[in-house]
Structures are given as structure tokens and as C-alpha cells.
Amino acid sequence: MVELSDSPVLAKKSDSSLRSRIITALILAPLAILAVLKLPSMAFALLFGLVLCYGIWEWTRVIGVHNQGLRIFVVALNGGLMAALLWLNLGHWLLPIAWIGVAWWCLAVFWLRSYEFGAEPTTRNLEIKLLVGSVMVVPAWVSAWLIHRSPNDGPWWTLFVLMLIWVADISAYFAGRRFGKHKLAPRISPGKTREGVYGALAGTVLFTAIAGWVIEPIPVGHGLLILLATVTVLFSIVGDLFESLIKRQSHLKDSGSLLPGHGGMLDRIDSVLAALPIFVCGRYLIGL
């Protein structure tokens, strides 16, 4: 989802970034797959919670929190909330929390259309963004825990969601590089193109069709699964764009430098944060 340049220097930098991106992915992907498939749901929830806590740490930097004590408090607050939910195991509360995530990402679509909203570095805007960080992270964590511990091949369905986003991201990246001409949201993320989105959707349909054939039988049929996967990927793009918007408002390129070729942890999981509640609640709606 980037543009190619005629400049040899820029082309060299692009190739170097791509190599770093691939190497990082080749290291992280097997670790993520092993964690999803081999860890018990409780251990998986703890590990994913730690990942999200680091994401919240980066989020506080992105939105302009400079006080280290406040940053630590925000991370501890969100981590404590996830730990409390894990310990109390309030089963009847978990799905409604996931639905809060769905509601938020629907609202985020309107935020993307109002580019200047929240841009000013005021206390009110900072408070809103701190709340948004929790609404992004906690429902996503709950959704991951819900799907992983579900009785019908929960770890495999968790892996399906992650691989769905990976496939969409890779498809968008290469389709954008090869065919990208029309900007998707130039004020938010100049490198993203409509052709990249089309590539992501094509990759989504192909991957879901193959995965549905492997996972068979699918109780709701392949058509509904492909529809759910498509909606999930569309919202994953919203998640990516929203983080890009907040970074642009803060004049930042990446949320951090933890992952070579990818930026920070938040840069890697922004799509997943949106995808998880959408997929889990959609799965519930269609009876999958």
C-alpha cells in the first residue's frame, strides 16, 4: 500500500524496508501461531494481554502523554481491567464488552470522515483519546479470549482471524505496490490506495474459500463465512486508518521502533484490534 518512486535512493530504502518487514514477519508469525495453537486459553489470554499493554504504552506516546507516571498508570489500569476480567471470568459480561468494540469501530468511521476532530492538543482531546485507547484494547482482548476458549476449535478459529488479517495486509501491500494509483485517504495515509484495498478483498475471498474448504463442515455455509471475513477485513482497514490518523495528528510516522520494518507494536496490531470484535460478534450473529 505504498507508492513506488523513480528515485534510486527511495527505491533502495523501500527494498530495505521490505526486507526488514519480511524478516520480522518470518520470526513473529511462527511464534504467534505456536502461541495460538499450543497455549491453553488462560495462558493465551495472559500473553495477548501483555502484548496489548505494550500497545497501550505506545498509544500514550502517540497521543502526546509525556508524563511517564501517567503513562504507567494508564497501562496498569488497562492491564488491571483485563486481569480482573480473566480472574472473575464473568462469562455473561464478555460478549457485551466485545459489542462495545463493534460500536466503537462503527463510530471510528465517522471520526475518519472528520479529519480535524481531536487534532488540537487540548486536555479534553487527550482524555477522549485515552478513553479510546481502552475501548480499542479491552474489547479486542475479550474477543480474542472468547474465540480462543470457544468449544468448537477455538484456537483454530483464532488462527483463522489472524491469518485473515495477515493475508489481507500482504495482498494490500503488493497490490498497492503493483497497481496503486488512486489514493484511499490522502490526508490520513498518503501511501494507501484503493487498489490496495481491492487486493486485500481479493486475498480475503481466496483465503476464506480455501480455509472454509479445509475447516469443513461450516455450519453456516461458505457464503456467510466469506461475507463475515470481508466485513472483518474492511473494519481492519478502518483500524489501520484510524491509527494512521492519530499518528498524523501527532506528527508521528510510527508508534514505536520495536519491530523492524513494521514500526511499533501498535502499528502491527492496529488492524487486529478492529478485526477481533467484528469477527467474534459477527460469528455470534450468524451462528458460527
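**Notebook: helix contacts, spaces and salt bridges**

I began with helices α6 and α7, where W157, F160, M163, L164, V167, A168, S171, A172, A175, G176 and F179 of α6 meet E195, G196, G199, A200, G203, T204, F207, T208, A211 and I215 of α7. Contact here means heavy atoms within 4.5 Å. I took helices (H or I, at least four residues) and strands (E, at least two) as DSSP runs, numbered from the N terminus. The model is predicted: local features need pLDDT of at least 70 and side-chain atom pairs count only at pLDDT 80 or more, whereas totals for chains, interfaces and linings use all residues. Residues are numbered from 1 along each chain as its sequence is written, and side-chain values use heavy atoms, with hydrogens and water left out.

**Entry 1: α6 with α7**

I sorted the contact residues of α6 with α7 into 13 nonpolar, 7 polar and 1 charged. For this I counted Ala, Val, Leu, Ile, Met, Phe, Trp, Tyr, Cys and Pro as nonpolar, Asp, Glu, Lys and Arg as charged, and the others, Gly among them, as polar. The axes of α6 and α7 (residues 194-215) come within 7 Å and cross at roughly 145°. Axes are lines fitted to C-alpha atoms, for helices over the stretch in contact, and angles run from 0 to 180 degrees between N-to-C directions. I noted the crossing of α6 and α7 as right-handed; a crossing is left-handed if the near helix is turned anticlockwise from the far one by less than a right angle, and right-handed if clockwise.

**Entry 2: α2 with α9**

I next looked up α2 (residues 41-62) and α9 (residues 265-286), whose axes come within 10 Å and cross at roughly 115°. This crossing is left-handed. From α2 the contact takes F48, V51, L52, Y54, G55, E58 and W59, and from α9 it takes M265, L266, I269, L273 and L276. I recorded 10 nonpolar, 1 polar and 1 charged residue in the contact of α2 with α9.

**Entry 3: the second largest pocket**

I found about 870 Å³ of space in the second largest pocket. On a 1 Å grid over the protein atoms alone, a pocket is an open set with protein on both sides within 12 Å along at least five of seven lines, a cavity is a set of points where a 1.4 Å probe fits but cannot get out, and lining residues have an atom within 4 Å of a point. Of the 32 lining residues of this pocket, L28, A29, A32, W166 and R268 are the closest to its centre. Helix α1 (8-38) gives the most to the lining, with 13 residues. I divided the lining of this pocket into 26 nonpolar, 3 polar and 3 charged residues.

**Entry 4: the largest cavity**

I noted W59, W105, M136, G239, F242, E243, L266, D270 and L273 as the lining of the largest cavity.

**Entry 5: salt bridges**

I looked up the salt bridges (a side-chain nitrogen of Lys or Arg within 4 Å of a carboxyl oxygen of Asp or Glu), and the structure holds 6. One of them joins D169 and R268 at 3.1 Å, N to O. D169 lies in α6 and R268 in α9, so this pair ties together parts 99 residues apart in sequence. D240 forms a salt bridge with K192, with the closest N and O atoms 3.6 Å apart. Since D240 lies in α8 and K192 in strand β2 (residues 189-193), this pair ties together parts 48 residues apart in sequence.

Note on methods. Points joined across faces, edges and corners; volume = space filled by probe spheres on them.
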